[in-house]
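Colleague: Hi! Could you walk me through this one? I'm new to it.
Modeller: Happy to, let's bring it up.

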Amino acid sequence: MPLSMIAGLVVSLSFAQAAPVIEVHSDPHCGCCSDWVSHLEEAGFEVDHHRHDGVRAIKIEHGVTPELASCHTALVEGYVIEGHVPAADIQRLLEERPAIAGLAVPGMPHGSPGMETGRVDDYAVLGFTHDARPPAIFSEYLQP
């Protein structure tokens, strides 16, 4: 087995063994939020899912602007995760630890995790800060 494959397995195993807890806040009636939580759990995250009517206040408290907003907000190891961010991007965020506030997928793009509707849209995962800098593309999901 090539060394790069062994290294990848070690990183994957160490992530699975020390799966971070993601605290998710969503509206109690939102089905796509529950589907996104299932996506995270399937990727090895432990999820503490809070369903309540105060999600907007959580967004405001953690600096999620209306331009970045989606239907749910999550917190993990000091980062804010807004919307349908793929688990692989959260894993990368936690491995690389960039100096940002968090990641966001604004709106609810079809085909993003939890929004599997049969239609697939292009979308970007944005890295954002709490200063005046505009969000930057962290990763993109483009259709061929």
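**A first tour**

Modeller: The protein has an accessible surface of about 7,700 Å², and 57% of that belongs to carbon and sulfur atoms. Areas here come from the Shrake-Rupley method with a 1.4 Å probe, and for residues only the protein chains shown count as cover. This is a predicted model, where local features need pLDDT of at least 70 and side-chain atom pairs count only at pLDDT 80 or more, while totals for chains, interfaces and linings use all residues. Residues are numbered from 1 along each chain as its sequence is written, and side-chain values use heavy atoms, leaving out hydrogens and water.

Colleague: How many helices and strands does the protein have?
Modeller: Four helices and seven strands, running α-β-α-β-α-β-β-α-β-β-β from the N terminus. They are DSSP runs numbered from the N terminus: helices are H or I with at least four residues, strands E with at least two.

Colleague: And which residues have the most contacts inside the largest nonpolar core?
Modeller: Ile 22, Val 24, Leu 40, Phe 45, Ile 81 and Ile 90, in a core of 21 residues. Helix H4 gives the most to this core, with four residues. A nonpolar core is a set of buried Ala, Val, Leu, Ile, Met, Phe, Trp, Tyr and Cys residues joined through side-chain atoms within 4.5 Å. Buried means under 20% relative accessible area, exposed over 50%, and partly exposed in between (1.4 Å probe, protein chains only).

Colleague: What does Ile 90 touch?
Modeller: Leaving aside residues up to four places away in sequence, Ile 90 touches Ile 22, Trp 36, Leu 40, Phe 45, Val 76, Ile 81, Val 85 and Leu 103. Contact means heavy atoms within 4.5 Å. Another core, of eight residues, lies apart from that one and includes Val 64 and Phe 128.

Colleague: Switching topic: where does His 84 lie?
Modeller: In the loop between E4 and H4. His 84 counts as buried because its relative accessibility is 0%. A polar atom of its side chain lies 2.6 Å from the backbone oxygen of Pro 113. Cys 32 and Trp 36 are among the residues His 84 touches.

Colleague: Is Cys 33 buried or exposed?
Modeller: Buried, because its relative accessible area is 0%.

Key
Polar contact = N/O pair within 3.5 Å; in protein donor to acceptor, adjacent residues only side chain to side chain.
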